[in-house]
Amino acid sequence: MPKKKTVEEVQHSPKFSTVKGYYDSGKWAKKAVRNAVVKAWITADEYKEITGEDYE
């Protein structure tokens, strides 16, 4: 019987790391991260994960 996974694996959008890197380094403001959601580069949930705020 296969072992149960104890840690939930999170799947991110392909551009998540890029967007998060730009935001974390200060190159992008929240507005730019918001635009990444509009362009479907990341999801609204990922926006919250990156910025700590709900996407509205």
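Helices (H or I, at least four residues) and strands (E, at least two residues) are DSSP runs, and they are numbered from the N terminus. The structure described here is a predicted model, in which local features need a pLDDT of at least 70 and side-chain atom pairs count only at pLDDT 80 or more, while totals for chains, interfaces and linings use all residues. Residues are numbered from 1 along each chain as its sequence is written, and side-chain values use heavy atoms, with hydrogens and water left out.

**Overall layout**

The protein chain holds 3 helices and 0 strands, and its pattern along the sequence reads α-α-α. Of its 56 residues, 20% count as buried, where buried means under 20% relative accessible area, exposed over 50%, and partly exposed in between (1.4 Å probe, protein chains only).

| Helix | Residues |
|---|---|
| H1 | 16-24 |
| H2 | 30-38 |
| H3 | 44-51 |

**The loop between H2 and H3**

Ala40 has its place in the loop between H2 and H3. The phi angle of Ala40 is near 65 degrees, which is a positive value in a residue other than glycine. Is Ala40 buried or exposed? Ala40 counts as exposed, because its relative accessibility is 63%.

**How H1 meets H3**

The axes of H1 and H3 come within 10 Å and cross at roughly 30 degrees; such axes are lines fitted to C-alpha atoms, for helices over the stretch in contact, and the angles run from 0 to 180 degrees between N-to-C directions. On the H1 side the contact (heavy atoms within 4.5 Å) is made by Phe16, Val19, Lys20 and Tyr23, and on the H3 side by Glu46, Glu49, Ile50 and Thr51. Sorted by class, this contact of H1 with H3 has 4 nonpolar, 1 polar and 3 charged residues, where Ala, Val, Leu, Ile, Met, Phe, Trp, Tyr, Cys and Pro count as nonpolar, Asp, Glu, Lys and Arg as charged, and the others, Gly among them, as polar.

**The nonpolar core**

A nonpolar core is a set of buried Ala, Val, Leu, Ile, Met, Phe, Trp, Tyr and Cys residues joined through side-chain atoms within 4.5 Å. The largest one here has 8 residues, namely Phe16, Val19, Val33, Ala36, Val37, Ile42, Tyr47 and Ile50. H1, H2 and H3 each supply at least two residues of this core, and H2 gives the most, with 3 residues. Ala36, leaving aside its neighbours within four places in sequence, is in contact with Val19, Trp28, Trp41 and Ile42.
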